[in-house]
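Here is a short briefing to read alongside the structure. Keep the viewer open and follow the topics in turn.

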Amino acid sequence: MIGTSDSSQLRSAALIDPKALMSIRDLELRARVVVEGFWNGLHRSPHHGFSVEFTEYRQYTPGDDPRYVDWRVFARSDRYFIKKFQDETNLRCHMLFDQSRSMGYGSAGYSKAQYAATLAATLAYFLHSQGDATGLLTFDEAVREYLPARHRAGHLRQLMLALEKPPGGRSTNLADPTGRIAALVRKRGLIAYISDFLAPLDRLESGLMSLTACGHEVTVFQVLDPAELTLDFGQASLFEDMESARRVYIDPAAARPEYVSRIEAHCAAVRSICERLGIGHHRVSTEQPLELALFEFLKERLQRGRWSPAAARNRP
Amino acid sequence: MNFLAPFFLLGALAVAAPIVFHLIRRTTRERTTFSSVMFLPPSLPRLTRRSRLEHILLLVLRCLALGLLALGFARPFIRNAAPAPSGSAGSRRVVILVDASASMRRKGLWDAARARAAGILRSIGPGDEVSVYLFSRKAAPLVSLEQWNEAPAADRAALAISRLAATGPGWEGDNLGDALITAAEALADTEAGKKAPGPRQIFLISDLKAGSRLDSLQSYDWPKNIELRVESLKAANPTNAGLQLVADPPDADRQAVPSIRVRVSNAADSAREQFRVGWGRSPGGDFMGAPIDVYVPPGQSRVVAVPVLPDPAGMRQIVLRGDDEDFDNTAYVVPPVKRRWSVLYFGADAAGDSHGPLFFLQRALPDDSRLAVKAVEFAPSASVPPAELQEAKLYFVTDPLAPETALALRAQMLAGKTVVFAPRSALAAGTLGRLLAIEGAALEDAQPRDYAMFGEIDFQHPLFAPFADPHYSDFTKIHIWKYRRLNAGAIPAARVLAKFDGGDPAIVEIPVGGGRLLALLTGWNPDDSQLAVSSKFVPLVYSLLDLAGGLSEQATQYQVGDAIPLSPAAGVSEGTTVARPDGSTIALPAGATSFGGALQPGIYLLNTGPRSFRIGVNVAASESRTEPLPPDVLERYGAPGPRNPPDAALAARRQVSLRGEEAEGRQKLWRWLLGATLAALLIESALAGWTARRSGDTLPQEGTPT
């Protein structure tokens, strides 16, 4: 079981420095390194096998598949009951991945896009290793690419290739991908929204609402560079927007207090939207080890009762 | 210092650019790319205490490079360093061709031509060589090159201008092509004489009308180094209609009302269309009788038949009214006169005897609108009135004559006339002896077995010259039943023109004094031969008439400048005079064959003593086509196209700029300036590189927070 003691255990474990991690060129290898390290921290279980979780009985009604009738209950009670299971292996996770130009910014030697790609790859690898199907939708000012959720050989590789594509686009549209994924994915599943959310938020709430209304479980990862939070620049210069190429003359020393308050207000707005909709919001700084983000994710899942370490241990 | 292209100095204003860039650079130099500037509050640029301009040396070098470049492009030169242009180096060879044709008589054209020529002459430099030509039919020098060179340098232009003022346009048509060739060759000649280089120019001052003849230019290879400048003159009045005589139609003698046909042609750019034509009392006077209204649209022509007047003496000119320009509005007319003369026939046959020679001769003699020849028959023994004998030009003798008649005829022969002796029998041998004044002239009747033919014919002789063409030289279809045999060898100076196929002479020419006797030894009547019924007979009679001087007549219509040929019929001799229209009279030398002094239109009177001829001389029809030539027509004929020369002030400015160009070309200061520019740029590049390296070491990495 992972509890608060486990989290301290995780923190105390040797976490991988993101700078060192990003020096690995292969995205899949980066994800594997993270996940393997994560499992090591969880003390990997020796048990193997396939499991489904029983949830409830339901009265048989004509038209139900007779295969799911519990004959033992019938023998005991002479009534037909249908056994219902939670199909864990059929979890479908879709990742909404921001590939706008603003994600190309990075002050630590790697960009937010690289960090976010590693995060997404880690999630995908982790879920894939559990037998879950993972899909991907990348976007900038419009939807760029969509890979449906699958669990089969080669799909993970495709996913990695899509994640590695360079950032582009002249702006970020945060609402369209949610609408698109709501239209594409009819079956309930997990949606991981990975972006810096450095864009107007006016339509984000309605977009996320459409996902939660469809019954999807949504988790938001807001990936930000430390410099974006502190505006830690030296001399005054022309700041050029990576997306719109707009130039503004900025004296960081003078602008810093206002900027910090603005960006914090923005982040708070994102968080409040998520809270209103019951969505998990994780602000991830690119200098933060990736395992922590994964841990936050799993912790949230655990809190929601959608994930059990036992099931995770039963991974093939 | 002067500048050839001073406007390039404006380029020096570009030095503002580096200064502005140096200022701008202050604000744009530091750039930081950032994920999103939506949360960044724009700041006001911080003012530094330092001067806003950095890298003053770089700035100075950049400004210097731009300034030097602008200075170099302005092509500076130092004027006082330029030596005065030498006369020989830039000396031009110029021919000024002034149109003096009849169309230049239009209002204002000649004054304009003189003014243009004077303008050109004043712009001529002291070293230039000039000749001035007037041209109409031919180009003739008004001031030749020798005269120009002989005159003092200061008086040359004045000499040419005064000569131009003393002359005026003539009445001839123009041959522009020939004139241009003459001018080009005059330049080529001077070129051969002196090797000195210099531009060669022809200034053409003309109204360049459509009637100008340019066809000779087609076969002329225009020299490449001769420049043609055209000073095109424009008449004040575009309207011009002309009047020209038109030849009579072939059926003129069948017209009910005899008339003179004239063509009224209207220039293409005329403003008028309605004209009146009629006989005029004088070239500028009133109409005689009712004029004819003629409607001629511009660019077209109409032929009008003007009825002849009852009084032939009044018919001197047909005039045109309603036209602005009157130089070509008069057609001088010499109405044709029907000439009548007679040939005398001495024979025993009657006129109605279809077996006799006279019957056929009468029918072969001409009788048309211009000439009527009548055969007057006399019995051989009859005496002939001397006047008739004198008036006749040709005599036919077919039967033995009375001795006195034969002597009279001989006298006529001695005076230059022709006797055709065609004896019907050998009995006429005595007459032949009397005519030739020889003893023992013998004729013998000959009777060929079947028939005889003409054998050997001398086609060189004028009598047979019309038959010289092989198409017409076949006389073999004429059969001769009988002829008279004459021993031509016994007659001195006898020339056999034709022989029978048996070798006997058929036609013999014997000169007698100034005249001749033609012995036709077979008759043309059917008893003797088939000659009268053959196709050769009428031409042969016309040949005889021509030989006797009866056909050719002085022509009566010419153009101004034509050399008027004087026909033998006119009989030019000592004392022959020509009265010009202006009243002056000149005497022609004896034996003159032509008269070349018809230089003005009008009626000329050729007076040979016994006779006088009126000759009408008119302006050439091409002079009436006064619409301007298409502008590129000279180019199409190979001459360089019309180029309007600059005016005098412009020429002076060009001269100054030309000297400036020479000085600039000699000094080539721009090279030094360009070199200095390159040096400044090199230093600037090195300095900029060094500065960039230095600052590159100290500058923080862009986009990286400190």
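Glu240(A) has Thr33(B), in strand 2 of chain B, as its bridge partner. This is a predicted model, so treat what follows as a reading of that prediction. The bridge belongs to a pairing of strand 8 of chain A with strand 2 (residues 31-34) of chain B, which runs in the parallel sense over four bridges.

**The side of chain A that touches chain B**
- In total, 31 residues of chain A are in contact with 22 residues of chain B.
- Helix 9 (226-230), strand 8 (237-241), strand 9 (247-250) and helix 10 of chain A each give two or more residues to this side.
- Helix 10 gives the most, with seven residues.
- By type, the residues on this side of chain A are 15 nonpolar, six polar and ten charged.

**Chain A as a whole**
- Chain A has twelve helices and ten strands.
- Its 316 residues include 40% that count as buried.
- Among contacts in chain A with a separation of 6 or more, 78% are between residues 24 or more positions apart.

**Helix 8 of chain A**
- Within helix 8 (residues 204-213), the residues Leu204(A), Gly207(A), Leu208(A) and Leu211(A) are buried.
- These four lie on the same side of helix 8 because they cover an arc of only 90 degrees around the axis.
- The buried residues of helix 8 pack against helix 7 (176-184), strand 6 (190-195), strand 7 (217-224) and helix 10 (252-277) of chain A.
- On the face turned away from the buried side, Ser206(A) and Ala213(A) are exposed.
- Just after helix 8, Gly215(A) adopts a positive phi of about 95 degrees.

Technical notes
Residues are numbered from 1 along each chain as its sequence is written. Chains are lettered from A and ligands numbered from 1 in the order in which they are written. This is a predicted model: local features need pLDDT of at least 70, side-chain atom pairs count only at pLDDT 80 or more; totals for chains, interfaces and linings use all residues. A residue is buried if 20 or more other C-beta atoms lie within 10 Å of its own, exposed if 12 or fewer, and partly exposed in between; C-beta atoms are placed from the backbone. Two residues are in contact if their C-beta atoms, placed from the backbone, lie within 7 Å. The arc is that of the directions from the helix axis to the C-beta atoms. Ala, Val, Leu, Ile, Met, Phe, Trp, Tyr, Cys and Pro count as nonpolar, Asp, Glu, Lys and Arg as charged, and the others, Gly among them, as polar. Two strands pair if DSSP finds at least two bridges between them.
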